[in-house]
Amino acid sequence: MGKLSNFVLFWVVFFLMSVASAVGYNLAFSNLIFPRTYIAGIEVSGLDRVSAEKLVRLYFTQNPPEVIIRSGDVENKRLDKFVLEHDFKWAVEQAYSRGRSGNVVKLLTDQISSLHRGFNVTIPVKYDVDEFEGIITGIEDGYNHKPVWPNIEIKDGRVILIQGKNGAVVETEKLKSEIITRFSLPGKVVIDIPSRIVMATENPDLVREAMRAAQKWIGLEMELKYKDRLVTVDDNFVASLYGLIGERVDPGNFELLTTKVKEKLESEPKDAVLLFEENKVREFRPEIQGAKLDAVALKERLEKVLYAEDVQSVDVPMIVTEPKITTGEINNLGIKELIGIGRSQFAHSIPGRVHNVLLASQKLHGTLIPQGEEFSFNKALGDVSAQTGYQPAYV
């Protein structure tokens, strides 16, 4: 029984002493910032808010933020005239509030944590974003240099290798983060431009394979066919399609090829159009299917043709796209007769307006609107500009 009483007494005394210590600690710093508290690395422990703000402002006045951007041993940019607005009051309030907000548990936890590890407040900074982005762009322009990608050319009946050269680019987001962080601290600092190397070194195995395979294209064209449509590329462009780094087909030049193919072979689907005559449905203009390039499948077929010994043409894989309205669906739309008509007299208009009205009416004529759907005049008319054939005229 005596041991139990001593145990209980110990913990009661310990609890009372802890409470007394906590109360005394808070009373001692009742209007002061708690110990081991910093603002932008400047210790403000034991200061009231007014004194803390004065001290921090003094540090920034005597040692204003100055960021020097460096590439190797060469100074690239000095940011000492950049206008910054520091919110010192907010930072001081955050420092003062540490260990004073929340429930009892949070108060004690924050106070103990600050004593153990310290607590630092970062000062918010306002600056001209456009000016800052302009500075970053200038640094990129002065530092970045594009890689020279290895390439194969066919010249004077010979297959020639153009060797690659590595490039370098600024890690922009990392640079921005480092600069903004330093803007909130006093004093001068040098930041080495964070960058990464863009590797453009060719793979010897791919080079040997490509140089050998490209021999068959000397003086020949590659044909890319879909139905009755055709795209041709010369031997030098074909040679550029060989991948020499990581893939057997060069991704950049394949992108150029797909652009050529899309321009010549792709088409948009066209809806069936309903034509009226004497208030009756007389004729339908049938729908036309569209075609969209299947780039993934094309790349697979192209690779086979590039490295095959006796094949010079590619059947281009296309995905058929269906129109929204087909001839077979017309009967389901409930169209039985003409229910309205509009007329406009423009015979005495200037020639430009007459031309525009006729051009627009051709685009709108026969447009079919499914039951329950909304007709959009602007969408049906499309772009109205000189590029689509319209002339300057009044409305």
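In which sense, left-handed or right-handed, does H9 pass H10 in their crossing?

Tutor: Please keep in mind that this is a predicted model. In this model, H9 passes H10 in a right-handed crossing. Helix H10 covers residues 295-307, and the two helices pack at an angle of about 115 degrees, with their axes 11 Å apart. The residues that meet here are Phe 254, Leu 257 and Thr 258 on the H9 side, and Ala 295, Leu 298, Lys 299 and Leu 302 on the H10 side. Sorted by class, the residues of this contact are five nonpolar, one polar and one charged.

Thr 258 deserves a separate look, and its place in the chain is helix H9, which spans residues 251-265. Thr 258 counts as buried because its relative accessibility is 4%, and the cut-off for buried is under 20%. If neighbours within four places in sequence are left aside, Thr 258 is in contact with Leu 293 and Leu 298, and Leu 298 is also one of the H10 residues in the meeting of the two helices.

The surroundings of the crossing come next. In soluble globular proteins, nonpolar side chains tend to be buried together. The largest nonpolar core of this model has 34 residues, and those that touch the most other members are Met 222, Leu 224, Tyr 242, Leu 257, Leu 302 and Leu 306. Both H9 and H10 are among the elements that give two or more residues to this core, as are S8, helix H7 (204-214), strand S13 (222-226), strand S14 (229-233), helix H8 (235-240) and strand S17 (290-293). The largest share, five residues, comes from H10. Leu 224, for its part, touches Leu 257 and Leu 298, and its other contacts beyond four places in sequence include Val 261, Leu 265, Val 314 and Val 316.

A second, separate core has 18 residues, and Phe 82, Phe 132, Ile 135 and Tyr 143 are included in it. Phe 82 lies in the loop between strand S4 (74-79) and strand S5 (85-86), and with a relative accessible area of 10% Phe 82 is buried. Apart from neighbours within four places in sequence, Phe 82 is in contact with Tyr 127, Asp 128, Glu 131, Phe 132, Ile 135 and Phe 183. Phe 82 and Phe 183 are 101 residues apart along the chain, yet 9.6 Å separates their C-alpha atoms.

Asp 156 counts as exposed because its relative accessibility is 73%, and the cut-off for exposed is over 50%. Most residues other than glycine have a negative phi. Asp 156, although it is not a glycine, has a positive phi of about 55 degrees.

Definitions and conventions
Residues are numbered from 1 along each chain as its sequence is written. This is a predicted model: local features need pLDDT of at least 70, side-chain atom pairs count only at pLDDT 80 or more; totals for chains, interfaces and linings use all residues. Side-chain values use heavy atoms; hydrogens and water are left out. Helices (H or I, at least four residues) and strands (E, at least two) are DSSP runs, numbered from the N terminus. Buried means under 20% relative accessible area, exposed over 50%, partly exposed in between (1.4 Å probe, protein chains only). Contact means heavy atoms within 4.5 Å. Axes are lines fitted to C-alpha atoms, for helices over the stretch in contact, and angles run from 0 to 180 degrees between N-to-C directions. A crossing is left-handed if the near helix is turned anticlockwise from the far one by less than a right angle, and right-handed if clockwise. Ala, Val, Leu, Ile, Met, Phe, Trp, Tyr, Cys and Pro count as nonpolar, Asp, Glu, Lys and Arg as charged, and the others, Gly among them, as polar. A nonpolar core is a set of buried Ala, Val, Leu, Ile, Met, Phe, Trp, Tyr and Cys residues joined through side-chain atoms within 4.5 Å.
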